Amino acid sequence: YTCYYWERNKRRDFGRKWALLKNKMDMEKKLKQYQEKANQSTKKKEALFGEMRELTFKSPMQKILDTIGKIRLAVGDDRPVLDALGAIEDTLKNNADLNKVDIHKAEGLDQADREIAKFILSTGGAGKQSRERGRSVPNLADDADVGSLKMEKGLGGIIAEAGHPPRCLDMTEHTAIIEALDSFEEWSFDAHKFNHITRGNPMYYIFMKHMDRFYGNSTFSLDVEAMRLFVLYAEEHYSFDPTNPNPYHTNLHSADVLQSVGAIMKSEFIQSKLGSLDRFTALVAAMMHDYRHKGVNNSFLVNTIDDLALQHNDSSVLERFHASEMFQLLNNEKLDMNFTKNMNQDDCRQFRAIAIGMILATDLSQGYSYIASFKTKSQDGWTDKTEDKALLMQMILKVADVSHPTKSLNAHLIWSVYITDEFFYQGDEEKKRSMPISPLCDKVTNFDIPKSQRGFIDFVVSPTMKPVASLLKLTEMENNLKTNYLYWSTQLKEHTANNTLEKSFPMLKAEVAKLKSEWGSN
């Protein structure tokens, strides 16, 4: 018995030691596999460094259509089933609600990504309301000094008939500006430099230059004198408070978007789809899409129970306000600036309807619905129907409105400073009112400018631009976006390594100041 128990205990002891050893070996094996996986992930990240993420934002419509496509493949040539699926597709495509996208449900989002998503959704207006009222809406048009807008004439074309703005000292300057407009339809056109040489009238010159394409060969009549008064007045009062202009949403932003829309409309596809009235409408809407912007987003206006939020029922407040102000100015009898008054009734009705739709489409919180509709239409094929043209024009303006990351790096850096300053202004106003500070608007905590800019590209610019660029073959836009994204990725990596993220914005402002000093701008 003694030998038996001794042998049994010896085997049990061996079994325990073997189990411990096996567990250790298994742990080492798992650790090695984990390290190999981590190394592969690191190598993959290094290989993809600076490349934009392919975030998947699918609307219910796109998901359903994908499923229907799979069913089609499965049923083969079963005609009754295929006809039924076609009928289902037609019914679904008439339901705009199915194009809404919940961006919070995209895969692979981290906390910083969710802050960007929260910011995008907040631009539509939502949240708790503060009891402090915003300032009322002054009627600037009633107090206009139209006499101060008199201009001289010279050169040829529609700009000659309108003349040059009062800020230009003489015709020599005016002529130099006209020469600078030779490249006004190129994507590389620099609105910042042009703003400098026009003494703050970039919107006027770019719009009038665009109008040259309609001068003498349009199918409708335009009152050039009224147009001149309208554009000059709008440029002078583009910010809500002209005495205290916004950092970003100004006549310069309008001029940049206007120029971008014109450059996009050079596309052969656009030329084949849009008529003279369509292109004219697109340019006017682009010019006025942010007219009298308050320098804060819709959420701020709703939360402070601002007069604008009350007037427009908390829905796309700024966009509705911009469209309303545009047509109020256009139809102001005292100023007599209605340059469309000679157009026939049908053209006027179409001009108003499409212009309003384009301006409302610039609400970022509704952006993914337009993108989903555009993708669906691109798959089905574009027709000459009014609704197809309207969607095309809405997406052109949406792309142009957020296009500064697709411009040259220097231009993009300047715009990045301007928009960040405006965000921080809103954050300061929220802090004064003891309100929660909106995402990206807290200058104390939102110092990671490279990451916020990459997030803006990932969530807004890239999803908006890619389907349009693919359809219209806008390769320069795509290449610039990749270059600028790589720049921010490099900046993020360097600032993180040097522990200087808190200084990223002051350093960026210093770099921009240096850029602007090279051509004498303030």
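Mentor: Helices (H or I, at least four residues) and strands (E, at least two) are taken here as DSSP runs, numbered from the N terminus. The model is predicted, and local features therefore need pLDDT of at least 70 and side-chain atom pairs pLDDT 80 or more, whereas totals for chains, interfaces and linings use all residues. Residues are numbered from 1 along each chain as its sequence is written, and side-chain values use heavy atoms, with hydrogens and water left out.

Trainee: How many helices and strands does the secondary structure of the protein chain come to?

Mentor: Among contacts (heavy atoms within 4.5 Å) between residues at least 6 apart in sequence, 77% join residues at least 24 apart. As for the secondary structure of the chain, the count is 22 helices and zero strands.

Trainee: What percentage of the 522 residues in the protein chain is buried?

Mentor: Buried means under 20% relative accessible area, exposed means over 50%, and partly exposed is in between, with a 1.4 Å probe and protein chains only. The chain exposes about 26100 Å², of which carbon and sulfur atoms supply 51%. Of its 522 residues, the buried share is 51%.

Trainee: Which helix gives the largest share of the 104-residue core?

Mentor: A nonpolar core is a set of buried Ala, Val, Leu, Ile, Met, Phe, Trp, Tyr and Cys residues joined through side-chain atoms within 4.5 Å. In the largest such core, which has 104 residues, F207, F230, V261, F280, L329, F339 and F351 touch the most other members. The largest share of this core, 10 residues, comes from α20.

Trainee: Which helices do the buried residues of α21 pack against?

Mentor: Helix α21 covers residues 475-498 and reaches 35 Å from its first C-alpha to its last, close to the 34 Å expected, where the expected span is 1.5 Å times one less than the number of residues. Its buried residues include M477, L481, Y485, W488 and L492, and the helix is followed by N499, whose phi is positive, near 55°. The buried residues of α21 pack against α10 (251-264), α18 (386-401), α19 (409-432), α20 (449-472) and α22 (504-517).

Trainee: How many residues apart in sequence are the parts tied together by D256 and K407?

Mentor: A salt bridge is a side-chain nitrogen of Lys or Arg within 4 Å of a carboxyl oxygen of Asp or Glu, and a search of the whole structure finds 15 of them. D256 and K407 form one, with the closest N and O atoms 3.1 Å apart, and both residues are buried, D256 at 4% relative accessibility. Besides K407, the residues that D256 touches, not counting those up to four places away in sequence, are A191, S403 and W415. Because D256 lies in helix α10 and K407 in the loop between α18 and α19, the pair ties together parts whose separation in sequence is 151 residues.

Trainee: Where does E325, the salt-bridge partner of R292, lie?

Mentor: The closest N and O atoms of R292 and E325 are 2.6 Å apart. R292 is buried, with a relative accessible area of 1%, and E325 is buried as well, at 13%. R292 lies in the loop between α12 (276-288) and α13 (298-303), so the pair ties together parts that are 33 residues apart in sequence, E325 being in helix α15 (residues 317-330).

Trainee: D421 forms a salt bridge with K509; in which helices do D421 and K509 lie?

Mentor: The closest N and O atoms of this pair are 3.3 Å apart, and the two residues are partly exposed, D421 with a relative accessible area of 24% and K509 at 35%. The pair links distant parts of the chain, 88 residues apart, with D421 in α19 and K509 in α22.

Trainee: How much accessible area do F14, W18, L21 and M25 have together?

Mentor: Nonpolar patches consist of residues with over 30% relative accessible area and no salt bridge, in which Val, Leu, Ile, Met, Phe, Trp and Tyr side chains are joined within 5 Å; like charges are joined within 9 Å. L21 is found in helix α1 (residues 2-47) and is partly exposed, with a relative accessible area of 41%. Accessible areas come from the Shrake-Rupley method with a 1.4 Å probe, and for the four residues of this surface patch together the area is about 450 Å².

Trainee: How far apart in space are P60 and A372, C-alpha to C-alpha?

Mentor: P60 is found in helix α2 (residues 60-75) and is partly exposed, with a relative accessible area of 34%. P60 and A372 are 312 residues apart in sequence, while in space their C-alpha to C-alpha distance is 9.4 Å.
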